[in-house]
Each structure stands twice: as C-alpha cells, then as structure tokens.
Amino acid sequence: MPLYISLLVYALLISLGCVAHAEEKAPVYIGFDGEYGLLNSTSAQAIERGIRVAMDEINRAGGVLNGRSLELLTKDNRSVPARGRENIRQFAQVKDLVAVVCGRFSPVILDILPLVHREGIVLLDAWGSADGITDHEYSPSYTFRLSLKDQFAIPTMLKSAVDKGVNRVGVLVPNTGWGRSNTKALDRYQVTNPEPKILKPVWYNWGEKEMLRHYMTLIESGAEAVILVANDIEASRLVSQLATLDEEDLVPIISHWGVTGGRMVEKSGEILHKLDFSVVQTFSLFKSDPEIRGRVMSVVKRLYGIEKIEAIESPVGFGHAYDLIHILARAIDLADSTDRSAVRGALEQVKQYRGLTGYYEEPFTPERHDAMRQEQVFMARYRRDGVIEPIKENYFKRN
C-alpha cells in the first residue's frame, strides 16, 4: 500500500476514534423548568442550587456511565402552565436529556402531566405537593417526587391546631389544582378525625390583593385558627393587612409551605412576628446529618460563597433537589443508558440512599413514586432574620 494511502487510512482511523471518544464522553443532560420570572421568588434558585451542588459532587467523582458529566439546562415558566408545556416540548427534543426537574407550582405541574407522559419524559418533583402529581392514572408513571404531599401536610397542620387547643379551624385556599388537592385531603382527614371541626373552605384567586376580607369571613364563622394554603405573594398580603385588626381578631395561622418559596418575611412586615404563624416543612439543614451537611456546605461555599446554613433560602427546594439528582445519577448507571424509559424503570430499583433529607431504603418502587413519608413532616416558624427554624417538639425522629 502506497505511503500516502496508509497515512490517509491512519488519519481516518484517528478521526473516527476521536469522534467515537467524543460521543462516548458526551454530557448527559438534566432539565429544570422553574419559576424564575416570578416576582420575589426564591424557590427556583434554591432548586437550581441543590441540583448544581449534587451535579458537582457527581461529576468530580467521575460522572455517570463511565465518565460522562451531568449538565443542567434551565427554562423559565414564570409559574404559567402554557409556558411549562412549551418548555417540556423543547426539553423533549434534547438528545441525551434523561429527566426534567419541576418547580414549586402544582398547577403548572398538573397541567404538563399529559405532555410528560405522551413524550415519555422522566419528571422529578422537588417541590410541588398536589397529590395528583404522582397519584394519577398514567401507566407507566413518569413522575417521581421527593417532596411534600398534601395528604401528608394536612394531618400535620391539623394536629398542630389540636395541640394549640383549637376546636374550629377555618380554611383559606386558592382556586387552583393545588387548592382542590388540599380540600380533598381535608375531607379525607375529617372522615376519621372529628377534631378539630373543619369549617367550609373560603376560596381566593391567585393575584388577589385584598386578602383580609377572606380572613374575616372565616373569623366571623367562628374559626379559632386558619389553615392557610398560599404562596408568598398572597400570604404576605394577608399578613400585612392583619396589622389593621384588633388583637382579639388575630388567631393562629397554620400555613402550607408555598410561603417559603419567596420573600415572605420581607414583604409581610413586623406584624408577622407578632402572630402565631407556623409553616409545614419536610426538611431542615438544622437537623440534617452533620457529616453530609458539612460535605454539602463545602461545595456550597466553593460554588456560591455561602458559608452558613442560615443563608440557604427556600431550604426544602435545595435539599429535595440535591437528593433527587443523586438518586437519578444512580438510576442512570443502573439503566446503563440515557434512554428515558430505561432510566424511568431504574429509578424504581435504586436502593439504600442516604442524603440530606433522610435515609431511603427504596426511594421509589413500581407501586410508589413518592419517596418521603408522613413522619418526615413537621412544623416550623420564621425567625426575625427570615430563617425557617423547626419547632423542636414537633420535629420527626430521624433515622
């Protein structure tokens, strides 16, 4: 064979080898559809940080699939379902994108479920609590949640009311899928638990500015405490408007955790600290495993310059997202593929994961796509500096 032909063949083989090597080491993508554009929101940023910290640990340890790195692609749904649908369509077209993490708003997540299952996209829920996100008729299910469920939140909130000596509880809920999920959970609870007496819900719309009238409707109906299902915008409006009331009209407010996804303390004003205001939670860095927390915070410091756990905003989103990505990485390696169907099945096979939020013998199974348990749910309160701190006597017993 002439020398120049031999050189051409050699160059071609080298080129093909480089291409094969490049393909072998191509990144594996994870999408995140968050509510970045929502005014005062901190939830999307917290979830993204949790994802990136976990990815940093995984990539520094060798990545997935024998050396492929994880890379994050983000999109902003602005808490609008139509934007969420379009974002999912775009994510579905990305080669080697194995899963999408979703954000805080249950109505957005519920709206995209048909598209998620039609496209066969693994959806990881790090915040949304509506029961229907995982309790649905799609089979096989492509939704996996490591987060609160409304059917777990409501019993904890109502037990807190009983602990306060409350006999009649008012309920203030948004006219959304999230609100309806909570009223169904309330109805189920009341069937087997006659105390406290749950009054007829009062509904409000997202974006309402006058929230006080709804609260007064509950007080006038005899409510001795209020179960508040709200995000930070409407909740902070309500709390700031309570400053106009006399003290005898102020009753305990037991809040769902949507309020922790934004600047609740800043927007509520001083009145917040004069109220008996508590919020349901699933996770606190104050109570996490010290060894894991220390390791994670060293990465947080390196990536974001944050040194204290008190500076982690919206901590549930951070912790849930962190654990979900580590579980996903294990599933990718079990699947030995970026095929979404294979990764979906492998998520049901991951065993014995210990993370920031707790220990999970089997995070997910074919019958159960919710990793968290009722006993992980507890009540917390805001400190004056905005830090969310567990109410110690209500904190669950950790593994």
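This is a predicted model: local features need pLDDT of at least 70, side-chain atom pairs count only at pLDDT 80 or more; totals for chains, interfaces and linings use all residues.
Tutor: Start with one definition: a helix is expected to span 1.5 Å multiplied by one less than its number of residues. H5 has 14 residues and reaches 20 Å from its first C-alpha to its last, close to the 20 Å expected.

Student: How many residues has helix H6, and what does it reach from its first C-alpha to its last?

Tutor: Helix H6 covers residues 177-192, which is 16 residues, and reaches 24 Å, close to the 22 Å expected at 1.5 Å a residue.

Student: Which residues of H5 and H6 are buried?

Tutor: Buried means under 20% relative accessible area. In H5 the buried residues are Asp150, Phe152, Ala153, Ile154, Thr156, Met157, Leu158, Ser160 and Ala161. In H6 they include Gly177, Trp178, Asn182, Leu186 and Tyr189.

Student: What covers the buried residues of H6?

Tutor: The cover includes helix H4 (106-119), helix H5 (150-163), strand S6 (168-174), strand S7 (197-198) and strand S8 (202-204).

Student: Next, the core. How many residues has the largest nonpolar core, and which have the most contacts inside it?

Tutor: The largest nonpolar core has 129 residues, and Tyr215 and Phe277 have the most contacts inside it. Helix H11 (residues 315-335) gives the most to this core, with 12 residues. Phenylalanine 277 can be read through its partners. Apart from neighbours within four places in sequence, it is in contact with Leu228, Val239, Ile253, Ser255, Val259, Met264, Leu272, Arg381 and Tyr382.

Student: How many aromatic pairs are there?

Tutor: Rings pair if their centres lie within 6.5 Å, and the angle between planes then sets the class. The count comes to 4 aromatic pairs. One of them joins tryptophan 127 and tryptophan 257: the ring centres are 5.5 Å apart and the planes stand at 45°, so this pair is tilted.

Student: Where do tryptophan 127 and tryptophan 257 lie?

Tutor: Tryptophan 127 is in the loop between strand S4 (122-125) and strand S5 (143-145), and tryptophan 257 is in the loop between strand S10 (253-255) and helix H9 (264-268), so the pair ties together parts that are 130 residues apart in sequence. Both tryptophans are buried.

Student: Why is the pair of phenylalanine 144 and phenylalanine 364 edge-to-face?

Tutor: Their planes are at 75°, with ring centres 5.1 Å apart, so the pair counts as edge-to-face. Phenylalanine 144 and phenylalanine 364 are both buried.

Student: Which charged end sits over the ring of phenylalanine 91?

Tutor: That of lysine 75, at 5.4 Å from the ring centre. Likewise, arginine 344 lies over the face of tyrosine 142, 5.7 Å from the ring centre.

Student: Is histidine 256 buried or exposed?

Tutor: Histidine 256 has 0% relative accessibility and counts as buried. The residue lies in the loop between S10 and H9. Its side chain and that of asparagine 182 are joined by a polar contact of 3.4 Å. Beyond neighbours within four places in sequence, the contacts of histidine 256 include Ser129, Asp150, Met157, Trp178, Leu228 and Val280.

Student: Which peptide bonds are cis?

Tutor: Among them is the bond joining serine 139 and proline 140, with omega about 0°; proline 140 is in the loop between S4 and S5. Another cis bond runs from glutamate 195 to proline 196, with omega near -5°; proline 196 is in the loop between H6 and S7.

Student: How far apart in space are arginine 354 and glycine 386?

Tutor: They are 28 Å apart, C-alpha to C-alpha, and 32 residues apart in sequence. Arginine 354 lies in strand S12 (residues 353-354) and is partly exposed, with a relative accessible area of 44%.

Key:
Residues are numbered from 1 along each chain as its sequence is written. Side-chain values use heavy atoms; hydrogens and water are left out. Helices (H or I, at least four residues) and strands (E, at least two) are DSSP runs, numbered from the N terminus. Buried means under 20% relative accessible area, exposed over 50%, partly exposed in between (1.4 Å probe, protein chains only). Contact means heavy atoms within 4.5 Å. A nonpolar core is a set of buried Ala, Val, Leu, Ile, Met, Phe, Trp, Tyr and Cys residues joined through side-chain atoms within 4.5 Å. Rings of Phe, Tyr and Trp (its six-membered ring) pair if their centres lie within 6.5 Å; planes under 30 degrees apart count as stacked, over 60 as edge-to-face and the rest as tilted. A charge sits over a ring if NZ of Lys or CZ of Arg is within 6 Å of the ring centre and within 35 degrees of the ring normal. A polar contact is a pair of N or O atoms within 3.5 Å; within protein, one must be able to donate a hydrogen and the other to accept it, and residues adjacent in sequence count only if both atoms are side-chain atoms.
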